[in-house]
Amino acid sequence: MAPRTLNPNTHAVKRDAFVDVAQRMIATRGYEQMTIQDVLDELDTSRGAFYHYFDSKSALLGEVIERMAEAAVGLIRPVAADPELRAPEKLERIFGTIANFKSERADLILAILEIWRSDENAIVREKLRRRLAAIMGPILTDVVRQGKAEGTFDVSSPEETAIAAVWLMQGAQERAMDLYLARQAGTISYDEVVDAFAGYTTSMERVLGAAPHALTLAQPSVLRRWFA
C-alpha cells in the first residue's frame, strides 16, 4: 500500500481553523480559561487532529501571535516602501501603525499580555522574537539605508544598525508590557511612563545617528489611550 500523502491545502485550512477559534476564544474568554477541548468541541474534531498540527496549547498560542505579527508586518511594508516619505517619517509611521494595530485588537492583546511571559511560553516567545527580527531586519535596513543617503541618519552599516534597531524595538515592546501592568497596579505614574518612552526614543535616535528630537516614536494620544 502506498504511503498516505498529506494534501497541503487541506492542511492549511484545518490549521487555520484551529487558529481562528483559538484567537476568538482567547479574546473573549482569556487564554487560561480556554482549553484544548473547548477548541475541539467548537470544531467538532478529535484530539488527534489537534496534535497533528500543534504539540501543545502553548504552540497554538504561538500561532495566534505569529498570525497577528504577520498581519502587522503586512501593514508596515507599504509604509517602508512609500517613495514620498523620508526615513524618519517612515520610522514614525511604522511605530504608529503597530500602535494602531494593537489598539484595534485591544481585547486580544490584553488577554495575551496576561500570560505571554510565563515560563510555559518561553520557547514560543523566543521563536517569535527571532522570526520577527528576521522579517523586520530587511524592512528596517532599507529605511536606514535611505536615511543614510538622505543624511538624516548617520550610520556606518545600515544592515547592522537595522538589527540593533529591531532588538531595541522588541525591548521597548517588552518594557511597554511592564509599564502597562505597573499602571494597572497603580505602582507608577503616567509621567513615569512618558519618561520611559522618551528614553527609548532617545536611544533609537542615537542608534540611528539621528539628530536629537528628530523622532517621535510614541504619540501622546497612543500613550494616553493605553496608560493614562
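Predicted model: local features only at pLDDT ≥ 70, side-chain atom pairs only at ≥ 80, totals over all residues.
On the inside, 42% of the 228 residues count as buried.

Taken along the principal axes, the C-alpha atoms fill a box of roughly 65 × 50 × 30 Å. What about contacts between residues that are apart in the sequence? Among the contacts with a separation of 6 or more, 68% join residues 24 or more positions apart.

Helix H8 covers residues 158-185 and helix H9 covers residues 190-208. Their axes sit 10 Å apart, and the packing angle is about 175°. Angles over 145 degrees count as roughly antiparallel, and H8 and H9 are therefore roughly antiparallel to each other. On the H8 side, the contact is made by Thr161, Ala164, Ala165, Leu168, Met169, Gly171, Ala172, Arg175, Ala176, Leu179 and Arg183. H9 answers with Tyr190, Val193, Ala196, Phe197, Tyr200, Ser203, Met204, Val207 and Leu208.

Thr97 belongs to helix H5, which spans residues 87-104. Is Thr97 buried or exposed? Its relative accessible area is 19%, and buried means under 20%, so Thr97 counts as buried. Leaving aside residues up to four places away in sequence, Thr97 touches Leu75, Ile76 and Val79.

Asp44 is not a glycine, yet its phi is positive, at about 55°. Asp44 is found in the loop between helix H2 (36-43) and helix H3 (47-53). With a relative accessible area of 72%, Asp44 is exposed. His213 is another residue other than glycine with a positive phi, this time near 65°. Where is His213 placed? It lies in the loop between H9 and helix H10 (220-227). His213 is exposed too, and its relative accessible area is 76%.

Key: Residues numbered from 1 in each chain as written. Heavy atoms only, no water. Buried < 20%, exposed > 50% of the residue type's maximum accessible area, 1.4 Å probe, protein only. Contact = heavy atoms within 4.5 Å. Axes fitted to C-alpha atoms, helices over the stretch in contact; angles between N-to-C directions. Helix = DSSP H or I, 4+ residues; strand = E, 2+ residues; numbered from the N terminus. Parallel < 35°, antiparallel > 145°, perpendicular 65-115°, else oblique.
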